[in-house]
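Open the model in your viewer and keep the selection tool at hand.

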Amino acid sequence: MSETAYGRIKSKKRNERVLNLITLIVVIFFAIIVLFPIWWIFRTSLMTNAEIYRYPPSLLPSKWLFSNYEKTLGIFKYWKYLWNTMIIIVPSCLAGTFTATLCGYAFARLRFRGKKFIWTLVIGSMLLPTMVTLIPLYIAWTQGLGIRDSYLPIILPYFCGGGAFNIFLIRQFIVSIPRELDQAATIDGAGYFRILFHIIIPAIKPAMIVVALFIFIGLWNDLLQQLVYINSSNKYTIALGLTNFRGQLKTDWASTMAATCLSFIPGVIFYLIGQKYFVEGITMTGIKG
């Protein structure tokens with residue numbers, strides 16, 4: 001190898017190392033920006049209220065008062081609110097993921113009259129803001145069906161498709177799967193449901209986990225619908241309980257931030273469990289050769 005070629009290779013490797021270092025610095029910088037509010041909430045939850053208002057503020061508490069969490073759990077019905085939230089989330093995630101898979105499979109593989117028109121309606125429904133449909137749906141549930149102060153208006157819609165975006169995500173993932181697999185299974189005598197459960201679902205598990213994550217996150221953060229449909233304090237979810245708790249304490253920011261930290265821990269744990277599949281599902285890789 002000539003000295004010129006060797007110099008070019010060495011220069012290229014040096015440029016790559018510099019570029020990787022710059023990229024790493026940029027990623028760390030933005031990670032700090034994203035994580036800083038979370039750290040600020042956590043450090044506030046470990047301070048006294050007097051220290052919180054001290055100026056200039058400090059990044060670390062002078063004393064790590066984990067007793068704030070014990071105090072907060074004594075007045076914040078965390079486990080009751082968490083149980084109520086799971087009553088909504090668990091059936092919604094299971095039903096929403098399953099029905100979105102059924103609908104996505106139908107749009108991706110089956111032929112039926114009005115398929116293009118119905119698919120257009122599904123995609124078009126994604127453009128409707130939540131506020132547009134909130135009042136008509138509330139009237140339909142409360143006056144039409146007589147369902148008030150119940151979790152049903154939040155849960156039941158997930159038994160009917162799981163949401164337009166979730167159907168779209170599953171459908172796009174199934175489209176990337178070669179049809180030859182379906183044809184081979186059909187030759188062997190497999191029907192639509194056997195193809196779905198034995199060929200399609202094993203190949204789209206990442207997409208299904210992504211759908212479950214989206215439903216979980218959406219319901220966990222959905223204060224608006226829960227505020228509209230739930231009235232009794234014994235049925236409050238984490239979002240409603242935290243809002244009510246913050247309103248009662250007003251200036252007790254240490255307890256408020258402790259309750260806030262407790263409230264987002266289950267969501268973080270759920271995401272960490274499914275993050276591997278989340279990344280894989282979002283890329284819509286389908287079957288790898």
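**Pocket, cysteines, confidence**

Start with the lining of the largest pocket: 21 of its residues are nonpolar, 9 polar and 1 charged. Keep in mind that this is a predicted model.

Next, select T130, P157, Y158, G163 and A164. These lie nearest the centre of the largest pocket, whose lining has 31 residues. The space inside comes to about 1000 Å³.

Now colour the elements that each give two or more residues to that lining: α5 (115-125), α6 (130-144), α7 (152-155), α8 (164-175), α11 (205-220) and α12 (223-229). Which of them gives the most? Pick α6, with 5 residues in the lining.

Move on to the cysteines. How many disulfides does the structure hold? The count is 0. Select C93 and C160 to see one reason. The sulfur of C160 is the closest cysteine sulfur to that of C93, yet it lies 16 Å away, too far for a bond, because a disulfide needs the two sulfurs within 2.5 Å. Is C93 buried or exposed? C93 is buried, at a relative accessible area of 10%. Then select C261, also buried, at 3% relative accessibility.

Finish by colouring on pLDDT. The chain has a mean of 84, and 91% of its residues reach 70 or more. Among the helices named here, go to α4 (residues 78-109), where confidence is highest, at a mean of 92. Then go to α14 (residues 253-282), where confidence is lowest, at 78.

Last, select residues 285-289. Their pLDDT stays under 50, and the model gives them 9 contacts beyond four places in sequence. Where pLDDT is low, predicted coordinates should not be read in detail.

Conventions: Residues numbered from 1 in each chain as written. Predicted model: local features only at pLDDT ≥ 70, side-chain atom pairs only at ≥ 80, totals over all residues. Heavy atoms only, no water. 1 Å grid on protein atoms, 1.4 Å probe; cavity = no way out; pocket = protein on both sides within 12 Å on 5 of 7 lines; lining within 4 Å. Points joined across faces, edges and corners; volume = space filled by probe spheres on them. Helix = DSSP H or I, 4+ residues; strand = E, 2+ residues; numbered from the N terminus. Nonpolar A, V, L, I, M, F, W, Y, C, P; charged D, E, K, R; others polar. Buried < 20%, exposed > 50% of the residue type's maximum accessible area, 1.4 Å probe, protein only. pLDDT = per-residue confidence, 0-100. Contact = heavy atoms within 4.5 Å.
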